[in-house]
8 protein chains.
Amino acid sequence: MRDILEAVADGSLSPAEAEARLAGYATTGAGRFDAARETRRGVPEAILAEGKTPDETATIAVAAVETSGRALVTRASADHAEAVADALPDCTIDRDARAKTVVACDSSFERPDLDATVGIVTGGTSDAEAAGEASVVLREMGVSVERVEDVGVAHLGRVLDHLDLLREVDVLIVAAGREGALPTVAAGLVDTPVIGLPVSTGYGHGGDGEAALLGMVQSCTVLSVVNIDAGYIAGAQAGLIARAVAGARQTDQ
Amino acid sequence: MRDILEAVADGSLSPAEAEARLAGYATTGAGRFDAARETRRGVPEAILAEGKTPDETATIAVAAVETSGRALVTRASADHAEAVADALPDCTIDRDARAKTVVACDSSFERPDLDATVGIVTGGTSDAEAAGEASVVLREMGVSVERVEDVGVAHLGRVLDHLDLLREVDVLIVAAGREGALPTVAAGLVDTPVIGLPVSTGYGHGGDGEAALLGMVQSCTVLSVVNIDAGYIAGAQAGLIARAVAGARQTDQ
Amino acid sequence: MRDILEAVADGSLSPAEAEARLAGYATTGAGRFDAARETRRGVPEAILAEGKTPDETATIAVAAVETSGRALVTRASADHAEAVADALPDCTIDRDARAKTVVACDSSFERPDLDATVGIVTGGTSDAEAAGEASVVLREMGVSVERVEDVGVAHLGRVLDHLDLLREVDVLIVAAGREGALPTVAAGLVDTPVIGLPVSTGYGHGGDGEAALLGMVQSCTVLSVVNIDAGYIAGAQAGLIARAVAGARQTDQ
Amino acid sequence: MRDILEAVADGSLSPAEAEARLAGYATTGAGRFDAARETRRGVPEAILAEGKTPDETATIAVAAVETSGRALVTRASADHAEAVADALPDCTIDRDARAKTVVACDSSFERPDLDATVGIVTGGTSDAEAAGEASVVLREMGVSVERVEDVGVAHLGRVLDHLDLLREVDVLIVAAGREGALPTVAAGLVDTPVIGLPVSTGYGHGGDGEAALLGMVQSCTVLSVVNIDAGYIAGAQAGLIARAVAGARQTDQ
Amino acid sequence: MRDILEAVADGSLSPAEAEARLAGYATTGAGRFDAARETRRGVPEAILAEGKTPDETATIAVAAVETSGRALVTRASADHAEAVADALPDCTIDRDARAKTVVACDSSFERPDLDATVGIVTGGTSDAEAAGEASVVLREMGVSVERVEDVGVAHLGRVLDHLDLLREVDVLIVAAGREGALPTVAAGLVDTPVIGLPVSTGYGHGGDGEAALLGMVQSCTVLSVVNIDAGYIAGAQAGLIARAVAGARQTDQ
Amino acid sequence: MRDILEAVADGSLSPAEAEARLAGYATTGAGRFDAARETRRGVPEAILAEGKTPDETATIAVAAVETSGRALVTRASADHAEAVADALPDCTIDRDARAKTVVACDSSFERPDLDATVGIVTGGTSDAEAAGEASVVLREMGVSVERVEDVGVAHLGRVLDHLDLLREVDVLIVAAGREGALPTVAAGLVDTPVIGLPVSTGYGHGGDGEAALLGMVQSCTVLSVVNIDAGYIAGAQAGLIARAVAGARQTDQ
Amino acid sequence: MRDILEAVADGSLSPAEAEARLAGYATTGAGRFDAARETRRGVPEAILAEGKTPDETATIAVAAVETSGRALVTRASADHAEAVADALPDCTIDRDARAKTVVACDSSFERPDLDATVGIVTGGTSDAEAAGEASVVLREMGVSVERVEDVGVAHLGRVLDHLDLLREVDVLIVAAGREGALPTVAAGLVDTPVIGLPVSTGYGHGGDGEAALLGMVQSCTVLSVVNIDAGYIAGAQAGLIARAVAGARQTDQ
Amino acid sequence: MRDILEAVADGSLSPAEAEARLAGYATTGAGRFDAARETRRGVPEAILAEGKTPDETATIAVAAVETSGRALVTRASADHAEAVADALPDCTIDRDARAKTVVACDSSFERPDLDATVGIVTGGTSDAEAAGEASVVLREMGVSVERVEDVGVAHLGRVLDHLDLLREVDVLIVAAGREGALPTVAAGLVDTPVIGLPVSTGYGHGGDGEAALLGMVQSCTVLSVVNIDAGYIAGAQAGLIARAVAGARQTDQ
């Protein structure tokens with residue numbers, strides 16, 4: 001803010017222009033999509049397709065590409081994906097049907113490349129969508145991702161098989177539905193920060209991820225959590241931590 | 001685990017001793033107090049005094065000091081504090097009445113000293129207990145703490161006054177009750193990871209921190225959260241992130 | 001009531017007629033659709049199409065036009081709209097597909113024209129339906145409407161761009177989903193009364209507008225709120241306030 | 001904001017001073033206590049004593065008096081009240097034990113005097129605290145208050161007895177517990193905006209004001225509501241509406 | 001029970017037969033469908049079609065007709081209705097599509113004729129299904145029904161128009177959705193027992209009949225209530241009361 | 001209402017007096033305490049002492065005695081009882097400490113005597129307060145009461161022991177906590193209408209009467225219910241039914 | 001039942017006596033205290049002292065001893081315990097202050113001795129009360145108990161230390177609060193049936209045992225659960241299973 | 001574990017192989033699908049088809065057959081069933097459309113045959129799916145099943161008709177929706193352990209099985225429960241108990 005004010009003081013910026021810039025600044029507190037924030041935090045803002053028409057989604061995606069060079073659309077149906085692709089013919093479109101995300105970048109956009117890795121552990125096939133959303137965000141932030149999939153249903157042994165790998169990552173996202181105990185188990189095995197991502201599986205009392213969320217906030221280990229199915233938030237939060245670590249590495253080199 | 005097995009293979013460890021050690025290893029998944037974990041993660045396990053008698057609390061604290069050199073008791077009444085002090089006459093006792101925590105260390109215990117800082121922002125006087133709990137845990141983990149207190153009631157301007165400071169910290173804990181909007185506001189102003197700590201203020205519908213928790217998990221910014229009033233968890237999670245950053249700094253030097 | 005009784009006392013009204021009129025009077029307390037109230041408060045009663053068949057909706061609309069010259073149907077599907085139009089061939093039909101409302105007026109109906117303005121701020125595309133409902137009601141009450149749309153997703157800067165405008169309106173409706181923080185932010189920037197309109201977006205814990213409603217009732221600013229997605233109520237309440245202000249202007253001129 | 005920027009541009013304000021002022025400006029969005037807002041909206045900020053020690057409360061009250069000439073403490077026990085009085089020996093202290101509020105003003109403080117009236121209707125003795133809180137806030141905002149008390153238990157006839165009076169007020173606050181039907185009844189009898197204030201009476205399923213809140217948000221009349229027992233918010237919102245009406249009267253004179 | 005035992009004692013009933021009869025007796029406590037109860041209470045047991053296939057529904061209906069001469073199927077789709085009619089070709093089939101009920105009687109079945117009347121008041125079109133279910137049950141119990149329909153939306157004046165009628169009925173069922181205030185209003189106007197029937201209308205917080213149920217159980221008038229949309233229960237309970245009144249009339253004649 | 005209007009028409013009543021009377025009439029819909037209703041329905045209005053000071057309670061009780069000859073105070077502590085007795089020295093005071101009720105009647109008050117009986121069945125000692133409240137109301141309405149106490153804990157056999165008695169009563173109130181199954185069991189054994197009265201016993205999930213209320217509204221027998229612990233409402237509703245039956249008996253004699 | 005009927009048929013039992021016996025039989029379905037059931041199932045009925053006065057508790061205890069030779073009082077304060085002891089001077093009184101239970105037996109009472117063992121695992125000191133309640137019930141049923149205490153806080157290694165022991169028991173009760181993961185962990189290590197006993201520890205969202213209960217019902221292992229803090233039910237259910245196993249052992253010998 | 005360590009100590013097992021085996025051991029605590037557990041507990045792990053695509057389900061089923069010789073798929077649509085059958089052409093496929101389960105076994109798989117029986121009582125047609133799931137699991141575990149179906153709607157007398165049979169089974173599963181009283185009734189009639197299986201029937205307040213679950217956990221009889229609709233868990237838990245009984249029988253022979 002000081003920079004802008006100095007520019008006003010020395011006449012290099014008109015009060016009107018300054019007001020526009022400061023408006024952008026002042027309002028970032030509300031946390032919505034704006035290019036300034038993307039630039040500052042490196043987190044691509046998500047456009048939640050759910051509850052929007054394909055046309056509306058595409059219009060917002062175009063605006064995002066224009067201001068930040070990139071658009072990240074989450075919870076996108078095939079129709080949403082098609083509308084975005086049609087509206088942005090000059091963009092590279094990257095669609096992950098499993099995670100229901102679409103990423104559109106203009107040709108000049110350059111993804112960052114951070115020296116940090118996030119591990120994503122999933123308890124089962126049902127966690128794939130939320131975990132995939134986290135994965136896309138991390139890739140877009142320039143963070144490497146190591147996934148250990150389907151730990152819960154048929155291959156839990158892989159947690160320990162990959163223990164060395166998981167201990168080497170900088171942050172761990174653990175997705176789980178039902179009673180949500182997997183993040184607690186994982187947090188006991190590694191030294192890295194763990195983010196619990198509750199998934200809307202389970203049925204009956206406490207189903208749809210509520211028991212998983214409660215189990216994670218009541219966990220007797222050290223965890224922080226995000227909303228049920230909030231893969232984007234889990235990924236972005238892990239990415240911010242990874243970026244901090246990468247920054248520390250870079251600074252000291 | 002491999003180390004223990006190799007030791008068994010070469011005869012330097014008996015199967016019985018190995019079993020005892022592996023038992024400790026295998027059960028850390030449940031995330032309870034054990035010295036091994038304290039050593040590995042650097043997080044002092046919390047002994048929740050609430051719901052225990054002073055005597056029970058003191059007994060567990062003694063066990064903690066014996067195995068890890070240190071005991072951290074949270075939500076301790078004056079009676080709990082006294083019982084711990086009486087039971088550990090040779091320990092340095094450090095009591096924070098505001099945060100209702102007691103820390104007891106034996107004389108040989110040496111607190112780590114990490115090159116990392118966590119900022120703790122509180123919305124008001126009512127958040128002091130939860131924030132203080134976070135603060136004590138961070139100090140015990142060897143992390144520097146910068147606090148910006150009472151932002152909400154009479155001195156909100158201090159958020160911006162301390163903006164430079166807050167942008168320099170490695171992680172930010174933001175405690176808030178009522179509608180829990182402060183973490184959202186803060187997360188829009190800084191590039192660091194933000195952990196939302198909902199506090200059990202507020203009354204009526206959604207009171208006791210429930211609205212704050214919901215507001216944080218539904219936030220349209222990037223945040224991870226902990227349970228209502230879970231200052232210990234917020235502090236420890238921030239500490240793990242800070243430790244990762246400090247580790248990155250150290251590694252590269 | 002006194003007027004009716006005086007008329008009975010002087011014989012100009014029979015007891016039977018008086019009873020019928022008083023019945024209407026006494027029962028307005030229950031707040032349902034009746035022409036008397038529309039006349040008195042200037043608020044067109046809403047016919048909620050949801051949960052009614054098109055035929056039922058049309059029948060009630062016809063009754064409304066007959067008694068009050070106008071029918072306002074909310075949450076109307078295309079079928080509802082068509083049935084209303086078919087049943088009222090002599091009416092001007094005004095359908096807002098986005099807000100899912102249908103207004104039918106007979107040719108002699110004259111909309112009032114009040115010297116007051118209500119601002120409607122929306123956090124995103126998903127809030128369009130609720131905000132549109134409010135907008136239609138206000139127009140029907142004769143109140144001018146200023147809308148600032150899609151503040152949340154790609155154009156939040158427009159809040160400040162339109163700050164002068166928003167400060168000039170007499171009442172502000174702020175619609176928001178997710179954590180519902182936008183009304184709190186807006187209420188801090190203007191001197192006018194703000195009505196929070198929670199919208200059923202958001203997913204997971206506290207989704208479907210519950211977190212937004214909680215956040216608004218727990219807000220540490222001054223707000224009153226309406227039910228989730230209750231655009232009609234928000235609009236009508238804002239209209240009553242605007243009418244009071246317009247009345248004050250008129251009275252004094 | 002433009003004024004400040006113009007001042008910077010013409011050199012009459014240094015960038016540093018401008019930043020401090022803009023900081024205050026930008027952060028008002030979070031809605032906490034600050035003198036600027038009090039000046040702008042005329043709403044005295046409330047200091048919620050509940051959950052604070054008497055000393056903490058007094059300290060904040062002193063800060064409030066210093067910055068805005070006045071402190072309004074809600075939900076104050078006798079101890080809170082005494083601490084505030086002791087800390088502000090030069091202030092006029094006005095304590096309403098029923099509403100559990102304390103108002104402290106320095107000698108030079110001049111309360112505004114608005115040409116507008118708010119009516120407060122209560123359903124019974126149990127609503128007195130919430131209604132009294134609203135009443136104090138309105139008085140402090142300079143708005144006249146007309147109260148119709150204990151309508152529900154022994155004197156409901158007084159609603160109609162006072163009907164002329166209630167129709168003359170500019171805004172109506174209706175407090176009610178149990179099933180919360182009184183605001184719905186009242187809103188059917190008057191043309192003024194009605195604010196429902198649910199009160200934490202009632203027992204069993206939906207007790208503690210939850211049924212009252214639900215009844216009010218589901219009301220088929222036009223109402224806006226505030227949180228359970230939120231007398232301060234109801235009063236301040238009614239005061240803002242009353243001020244708008246008073247402003248319209250004044251402007252046109 | 002004594003009768004059966006006396007019969008066993010005097011040899012007119014074998015122990016085996018007695019056991020079968022007592023079994024039926026003892027288990028009526030669980031309140032399920034059995035012919036004995038229908039005979040005793042005169043309440044036709046309802047077969048809830050929802051959650052059953054048409055075939056299953058028809059099979060149970062056949063069993064009901066065989067044991068009690070009559071089958072009453074509630075919440076029946078067109079498919080359920082058709083399956084019942086097909087399975088009972090010799091029965092009189094009476095289907096109320098609005099109330100989604102099907103009644104099948106064998107030719108010899110004779111409906112009772114009680115000297116008692118129940119009034120059913122509905123707040124609007126959306127209450128028609130629940131009210132219709134109550135109406136069918138009452139007719140089957142031999143109780144006269146007086147309906148005052150659509151009171152809430154366009155014809156509330158009819159409550160008072162029909163006040164004499166409503167005061168003459170023996171019991172009043174009042175169906176209402178949204179905030180559920182209509183039973184409270186009605187109970188204040190009549191001397192007869194009132195049964196509140198909450199209906200699953202309303203949206204947002206407390207929608208789907210929850211606010212209506214809460215408003216009715218928290219009502220400050222005298223009411224008893226049934227489950228949301230439980231038209232069958234409301235009708236049967238009113239029928240039992242009406243039968244008691246009719247019995248008193250008959251007894252004394 | 002017609003009577004009043006006819007009186008106005010023939011000059012025997014002034015419009016002003018008529019308005020006052022009609023006001024009382026019109027507002028009874030809100031269901032609060034007024035002498036007119038007590039006269040009409042025979043239900044003594046309850047003054048809920050809980051949440052009122054002894055003085056407030058006594059003041060309202062005095063008003064009740066003045067207008068209706070009687071005051072019924074529920075949930076009264078010893079202090080409430082003493083204050084009522086002190087304030088009404090000329091009244092007969094009847095206090096039931098178990099049911100926490102106080103009844104005060106002036107010397108000229110004559111309790112009605114109806115030819116009808118209500119049975120009250122309780123599941124255990126913990127239900128005594130709610131059942132006692134119902135019992136007092138019934139006595140005041142002039143209805144005979146038959147109680148079968150403590151069925152649940154040590155003497156359940158008494159349900160069947162008293163089966164003849166219970167089948168002879170006109171209405172049955174069944175109070176139960178925990179899972180609330182007793183009303184379902186009882187309703188299967190008798191032909192009379194049953195009112196379920198859930199009681200706030202039970203602990204853990206669904207405790208405090210919530211499971212009992214749910215069990216009763218979900219009951220597959222025919223029951224209507226009242227709020228948790230709402231002994232007064234259960235008693236008054238049973239009394240209204242009993243009065244209807246007594247009226248039928250009287251009418252025909 | 002057949003036996004009784006045969007006795008009536010052959011004249012060895014009068015119809016009146018038979019009715020009394022069958023009444024006891026028929027009503028056991030409601031599951032309350034009766035000597036017949038104690039005899040049949042071997043489960044001493046619990047008298048829940050909470051919510052009863054000491055006198056009431058003692059009276060019921062005396063009745064229990066008279067009919068079944070034994071009384072088991074749960075959640076008993078010191079006052080309850082004393083009252084029971086005073087009322088039963090000839091009984092052996094066995095009080096477990098930790099589990100808040102009192103057992104009183106007359107001198108002739110002989111506890112059964114079953115060849116079966118139940119293991120009780122507790123997660124921490126806070127689980128002691130619920131676990132102790134289970135332990136007392138099991139002892140009274142004649143089942144051996146093996147306890148592994150305080151697994152969660154300082155000695156989790158003891159789970160594995162005692163693994164052989166735990167695998168040898170016939171049933172396992174696992175008590176846990178917070179996120180309730182311990183039963184899931186234990187069920188993965190043993191082949192015996194596991195009963196989860198959620199305990200009302202934990203704070204914030206999902207505290208008071210709700211998260212533990214949800215975690216257990218959503219567990220992806222095989223578990224059955226009881227209510228929060230329902231130590232008596234957990235113990236009795238485990239005892240019934242143990243008795244079945246003991247019976248199988250005995251039968252075959 | 002000791003066996004593995006001894007093998008390492010004597011060189012018959014390499015540390016690497018030991019680590020792999022111990023990993024499997026250590027992780028069984030999380031309770032997911034693994035062949036080791038199936039072998040140990042005899043409970044076929046369930047593959048929940050709901051929320052998985054047919055392809056994903058088939059892939060996991062193939063893995064299950066490969067590791068354990070058998071796959072048990074629950075909540076399988078016709079598409080899921082077909083995909084499993086296609087993927088396992090050499091398997092015996094056993095599909096229960098009612099219970100929505102598919103069992104696939106390779107030709108060499110031999111189901112155990114235990115000397116124990118479980119009874120399954122259902123309250124009505126709607127409980128068939130959950131009960132059928134329990135039945136399939138029990139059959140797969142080698143336990144005999146006795147079913148008493150549709151007790152609730154038309155044939156409740158069959159509970160007593162089959163009383164001898166039900167008393168002979170070793171464990172009883174009782175499925176019930178609505179108010180969930182059937183397990184309480186059944187538990188009063190038999191001496192065997194009863195497992196309550198709440199079913200998602202019922203509508204309105206407490207519908208979808210919530211009232212049934214609450215009624216069962218609040219039951220005053222001795223019951224343990226499983227999640228709503230959790231037929232698999234109920235069956236497996238009953239199977240473990242039955243296996244313990246069968247083991248006791250076998251051991252002693």
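How many residues does helix 6 of chain F have, and how far does this helix reach from its first C-alpha to its last? Before selecting it, note that this is a predicted model, in which local features need pLDDT of at least 70 and side-chain atom pairs count only at pLDDT 80 or more, whereas totals for chains, interfaces and linings use all residues. Residues are numbered from 1 along each chain as its sequence is written, and chains are lettered from A and ligands numbered from 1 in the order in which they are written.

**Chain F, residues 128-141**

Select helix 6 of chain F, which has 14 residues and reaches 20 Å from its first C-alpha to its last, close to the 20 Å expected at 1.5 Å a residue. Helices (H or I, at least four residues) and strands (E, at least two) are DSSP runs, numbered from the N terminus, and the expected span of a helix is 1.5 Å times one less than its number of residues. Of the 14 residues in helix 6 of chain F, 13 are buried, where buried means that 20 or more other C-beta atoms lie within 10 Å of the residue's own (exposed is 12 or fewer, partly exposed in between, with C-beta atoms placed from the backbone). Step on to F:Gly142, which follows this helix and has a positive phi, near 90 degrees.

**Chain G, residues 54-68**

Now select helix 4 of chain G, whose 15 residues should span 21 Å at 1.5 Å a residue, in agreement with the 21 Å between its end C-alpha atoms. Its buried residues include G:Ile60, G:Ala61, G:Ala64 and G:Val65. After helix 4 of chain G comes G:Gly69, with a positive phi near 85 degrees.

**Chain C, the strands around residues 70-74**

Strand 1 (residues 46-48) of chain C runs parallel to strand 2 of chain C and is joined to it by three bridges, two strands being paired if DSSP finds at least two bridges between them; C:Ala46 has C:Leu72 as its bridge partner. Tracing the chain from strand 1 through helix 4 (residues 54-68) to strand 2 of chain C shows a right-handed β-α-β crossover, meaning that, with the strands pointing away from the viewer, the path from the first strand over the helix to the second runs clockwise. Strand 4 (residues 101-105) of chain C pairs with strand 2 of chain C in the antiparallel sense over four bridges, and there C:Cys105 is the bridge partner of C:Arg70.

**Chain C, residue 143**

Centre on C:Val143, in the loop between helix 6 and strand 6 of chain C. C:Val143 is buried, with 29 other C-beta atoms within 10 Å. Among the residues that C:Val143 touches are C:Leu114, C:Val118, C:Leu138 and C:Ala242, a contact being two C-beta atoms, placed from the backbone, within 7 Å. The C-alpha atom of C:Gly235, 92 residues away along the chain, is separated from that of C:Val143 by 9.9 Å.

**Chain A, the whole chain**

Finally, colour chain A by element to find eleven helices and nine strands; buried residues make up 68% of its 253 residues. An automatic or database domain assignment divides chain A into domain 1 (1-30), domain 2 (39-110) and domain 3 (117-252).

Note on methods:
Lists of a residue's contacts leave out its neighbours within four places in sequence.
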